[in-house]
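This report examines a single protein chain from its coordinates.

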Amino acid sequence: MTEDLHDLGVLIDSSCPLVLAETREEGRCLATIRETARHRDLPVWTWSSTRGLQRDGGKAHYNTEELGQALQTIASMEQPAVYVLADAHHHYAEPAQSRLLKETVDAIADRSTIVVTAPDHEVPAGLEAVASVWRQKPPNGAELQSLVLRTVDDLKGRGYRVQLDAVGVERMARALRGLPMARAERLVRKETVTDGSLDDADVARLRAARAALFADDGVLELVEPDGPSLDELAGIDDLSDWLRLRGKVLADPVEGLPAPRGVLLTGVPGCGKSAVAKALAAAWDLPLVLLDPGALFDKWVGGSEARLRQALDAAEA
């Protein structure tokens, strides 16, 4: 969350009046927004079409369930604040609502920030100059470890047998990388309830479950890195030496030595490209992810780009 806090904080500190937050974890996104606002002593107001406009810890403003009414209320408020609008992007196509959003952004530009949360965004016409897109990053290793520890404590309290040491918790967190927090927690609980216990053996099953979830999306596929090791592959001595040297940077970053950005493997079919990729994943103890370019294409304008961003975010995590 640290990087998200910094990036969002920069937008708020630079007086950006409209932030378009792309997230598939609304609760986690709200937690990041609230933490960012807390560091700046800014109150947070949230709006949804079911609850209306409501300040954290207070009651909802009367008759603000309609977006137009909420925007008029926001424009009239003089106290600096952060206003979070959930799913307001559905109203961009309505001329009156779009016009009112522009006027509200102009009215609060010198004191407050509106954050619109949605899975994907297209910058509303006419607001390109004042709107900034902020994409929330997937949970990092520290967040997932905290999640595993919290879930373990809860499972123990409910009478389940848990046998995980610090190394086991770290391995389990790594097996969940790339997944949203809520989905990761459900997987851990499901594996525990299935056989009544949670231990090191569940790590492999969690990896398989994560692979199945990626496969359902149709863009990414987790590949099991089985096969020969780097030492057992012939004809790649120079590459093996380079990979071993750069692999140390991943585990323990060295100042002045850049982290590896990638390797381009070319050759005729059957020359060992896939074997090298599998051996590398096994040597570095990292997941091997296959991206299918054909599955990226979407019938809607902007859909292919959005699927690519989602796939790269998941792979990066």
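## Covering of helix 3

The buried residues of helix 3 are covered by elements that include strand 2, strand 3 (52-55), strand 4, helix 4 and strand 5. The buried positions in helix 3 are L67, G68, A70, L71, T73 and I74. Here, buried denotes under 20% relative accessible area, exposed over 50%, and partly exposed in between, with a 1.4 Å probe and protein chains only. Contact denotes heavy atoms within 4.5 Å. Helices (H or I, at least four residues) and strands (E, at least two) are DSSP runs, numbered from the N terminus.

## Basis of the model

The model is predicted, and local features need pLDDT of at least 70, while side-chain atom pairs count only at pLDDT 80 or more; totals for chains, interfaces and linings use all residues. Residues are numbered from 1 along each chain as its sequence is written, and side-chain values use heavy atoms, with hydrogens and water left out.

## Overall architecture

The chain comprises 11 helices and 10 strands. Its C-alpha atoms fill a box of roughly 70 × 50 × 40 Å, taken along the principal axes. Of its 317 residues, 40% count as buried. Among contacts between residues at least 6 apart in sequence, 72% join residues at least 24 apart.

Helix 2 (residues 26-38) has 13 residues and spans 18 Å from its first C-alpha to its last, close to the 18 Å expected at 1.5 Å a residue. That expected span is 1.5 Å times one less than the number of residues in the helix. The buried residues in helix 2 are R28, C29, L30, T32, I33, T36 and A37.

## Nonpolar cores

The largest nonpolar core contains 23 residues, and those with the most contacts inside it are L18, I74, L85, I114 and V116. At least two residues of this core come from each of strand 1 (18-22), strand 2 (44-48), helix 3 (67-76), strand 4 (82-86), helix 4 (95-108) and strand 5 (113-118). A nonpolar core is a set of buried Ala, Val, Leu, Ile, Met, Phe, Trp, Tyr and Cys residues joined through side-chain atoms within 4.5 Å. In soluble globular proteins, nonpolar side chains tend to be buried together.

Which residues does L85 contact, leaving aside its neighbours within four places in sequence? The partners of L85 are W47, L67, L71, I74, I114, V115, V116 and T117. A second, separate core has 21 residues, including L147, V152, L187 and L206.

The structure holds 1 cavity of 30 Å³ or more. About 50 Å³ of space lies in the largest cavity. Its lining consists of L67, L71, L85, A88, H91, Y92, Q97, S98, L101 and V116. Helix 3 and helix 4 are the elements that give two or more residues to this lining, and helix 4 provides the largest share, 3 residues. By class, the lining residues divide into 7 nonpolar, 3 polar and no charged.

A cavity is a set of points, on a 1 Å grid over the protein atoms alone, where a 1.4 Å probe fits but cannot get out; lining residues have an atom within 4 Å of a point. Grid points are joined across faces, edges and corners, and a volume is the space filled by probe spheres set on the points. Ala, Val, Leu, Ile, Met, Phe, Trp, Tyr, Cys and Pro count as nonpolar, Asp, Glu, Lys and Arg as charged, and the others, Gly among them, as polar.

## Loop residues

S15 lies in the loop between helix 1 (2-13) and strand 1. Phi of S15 is near 60°, a positive value in a residue other than glycine. S15 counts as partly exposed because its relative accessibility is 43%.

N63, in the loop between strand 3 and helix 3, also is not a glycine and has a positive phi of about 60°. N63 is partly exposed, with a relative accessible area of 40%. N63 and L53 are 10 residues apart in sequence, with their C-alpha atoms 8.7 Å apart in space.

R111 is located in the loop between helix 4 and strand 5. With a relative accessible area of 24%, R111 is partly exposed. The C-alpha atoms of R111 and P80 are separated by 5.0 Å, although the two are 31 residues apart along the chain. Beyond its neighbours within four places in sequence, R111 is in contact with I74, A75, M77, E78, P80 and A81.

T192 belongs to helix 7 (residues 181-195). Is T192 buried or exposed? T192 counts as buried because its relative accessibility is 0%. Not counting residues up to four places away in sequence, T192 touches L155, Y160, S197 and L198.

How values were computed: 1 Å grid on protein atoms, 1.4 Å probe; cavity = no way out; pocket = protein on both sides within 12 Å on 5 of 7 lines; lining within 4 Å.
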